[in-house]
Amino acid sequence: MNAYPLPPPIAPPLWLLAELTYKCPLHCVFCYNPLNYAENQHELTTAQWVDVMQQARRLGAAQLGFSGGEPLQRDDLEALVAEGCRLGYYTNLITSGIGLTEPRIARLKEAGLDHIQLSFQDSTKEMNDFLSSTKTFDLKMRVAGLIKQYDYPMVLNVVLHRYNLDHVGRIIEMADAMGVEYLELANTQYYGWGLANRAQLLPDREQLLRAEAVVNDYRARLGHKMRVLFVVPDYFEQRPKACMNGWGSVFLGVAPDGSALPCHAAKSLPGIAFPNVTQHSLQHIWYDSDAFNKYRGDAWMKEPCRSCPDKQKDFGGCRCQALALTGDAANADPVCDKSPYHGDVQSIVARAQSQAGGPKTEKPILFRTDANSRQFG
């Protein structure tokens, strides 16, 4: 008899995220796309995406998200949605709304699209357009009307940071006026362009607490009329989030070039050869590839994670965050107060505290553009 317990079986993926393209008409300062996205000159064809969707469905995936970049930049989006519907997925379009005209939303409705998540940058035209470096606020308002007109659940996402946290009450009022049923107020998570702009975007603790108090007040007033989710930035926590519910546990992302990823930001991890769907089956990628098994379970963990009773809850936290803050993706997520690197996070928060009242760093804000991306190529 084997004296050692067998590792738990690998569950199938439940959520497939199809990042159809890195192309986007917006230039958001907090975008999670890779800094060097402009290097990517290859996108999967329609037939290749259909094959990915079919393989993932056979594995057991039930939810299918279309994102980017801006997925509306793909002319075959309607065809992909129709195939997802035929396969039995619950389909979700994650969009800035740019390109969602009435004829197009009608085609998506006919194709069977279940859900649209629309993003805004702020409640004011001036700040919304500044943060995206575009003039798109009025267009987004029209798209919100189309989403209601075509009887979709009204789901709104607004990424929060130092520039707009003080507007959170007006953001909720805007959402209420739109008839939003679900509002996600997601404080910036510092990956990709968000990490590059962290010094400009990270709020101080008092600003964050004020915003959270405003959110709680509106929750009490709105009751069940609108569900409001307020996601606190990791840097202000004492325990890390269970990133993607564990590496290679639930989430399977496919980048525009076909790279298969266990989380949105995994391409930032050096030394990992992420398998490509043009070269390997999803069955092999999910169950057998080195990349998807690298941080599965807990055998890879160092101390203090290895002996921590919470490791089955938080799975050691976020590998991309551990890399960004410590230089080693296998370290304990430094957001955790048990991590030997937690003091580094506290120092970053303290620097934000010293800049309270507005951005005072000499470093300019970096907009997501092809030209800026090529600096990192």
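**View 1. Helix α4 and the serine 133 that follows it.** Serine 133 comes after α4 and has a positive phi, near 55 degrees. The model is predicted, so that local features need pLDDT of at least 70 and side-chain atom pairs count only at pLDDT 80 or more, while totals for chains, interfaces and linings use all residues. Residues are numbered from 1 along each chain as its sequence is written, and side-chain values use heavy atoms, with hydrogens and water left out. Helices (H or I, at least four residues) and strands (E, at least two) are DSSP runs, numbered from the N terminus. Helix α4 covers residues 125-132, and its buried residues are Met127, Asn128, Asp129, Leu131 and Ser132. Buried stands for under 20% relative accessible area, exposed for over 50%, and partly exposed for values in between (1.4 Å probe, protein chains only). The cover over the buried residues of α4 includes β4 and α5.

**View 2. Serine 123 in the loop between β4 and α4.** Serine 123 counts as buried because its relative accessible area is 14%. Leaving out residues up to four places away in sequence, serine 123 touches Phe137, His167, Arg170, Ile171 and Met174. Contact here means heavy atoms within 4.5 Å.

**View 3. Buried side of helix α6.** In α6 (residues 168-178), Val168, Gly169, Ile171, Ile172, Met174, Ala175 and Met178 are buried. These residues pack against β4 (115-120), α5 (137-149), β5 (155-160), β6 (182-187) and α9 (205-222).

**View 4. Packing of α6 with α9.** The axes of α6 and α9 are 9 Å apart, and the two helices pack at an angle of about 30 degrees. Axes are lines fitted to C-alpha atoms, for helices over the stretch in contact, and angles run from 0 to 180 degrees between N-to-C directions. The two helices α6 and α9 are therefore roughly parallel to each other. Angles under 35 degrees count as roughly parallel, over 145 as roughly antiparallel, 65 to 115 as roughly perpendicular, and the rest as oblique. The crossing of α6 and α9 is right-handed; a crossing is right-handed if the near helix is turned clockwise from the far one by less than a right angle, and left-handed if anticlockwise. On the α6 side, Val168, Gly169, Ile172, Glu173 and Asp176 meet Ala211, Val214, Val215, Tyr218 and Leu222 of α9.

**View 5. Packing of α1 with α2.** Helix α2 (residues 77-87) packs with α1 at an angle of about 20 degrees, the axes being 10 Å apart. This makes α1 roughly parallel to α2. Their crossing is right-handed. Thr46, Trp49, Val50, Met53, Gln54 and Arg57 of α1 make the contact with Leu80, Glu83, Gly84, Arg86 and Leu87 of α2.

View 6. An unreviewed UniProt entry lists Cys24, Cys28 and Cys31 under "binding site". The lining of the largest pocket includes Cys24, Cys28 and Cys31. UniProt positions are in the numbering used here, feature names are shortened, and annotations may be inferred rather than shown by experiment. On a 1 Å grid over the protein atoms alone, a pocket is an open set of points where a 1.4 Å probe fits, with protein on both sides within 12 Å along at least five of seven lines; lining residues have an atom within 4 Å of a point. Cysteine 24 lies in the loop between β1 (15-19) and α1 (46-59), and counts as partly exposed because its relative accessibility is 24%. Cysteine 28, also placed in the loop between β1 and α1, is buried at 9% relative accessible area. Not counting residues up to four places away in sequence, cysteine 28 touches Gln121, Leu131, Ser132, Trp193 and Arg368.
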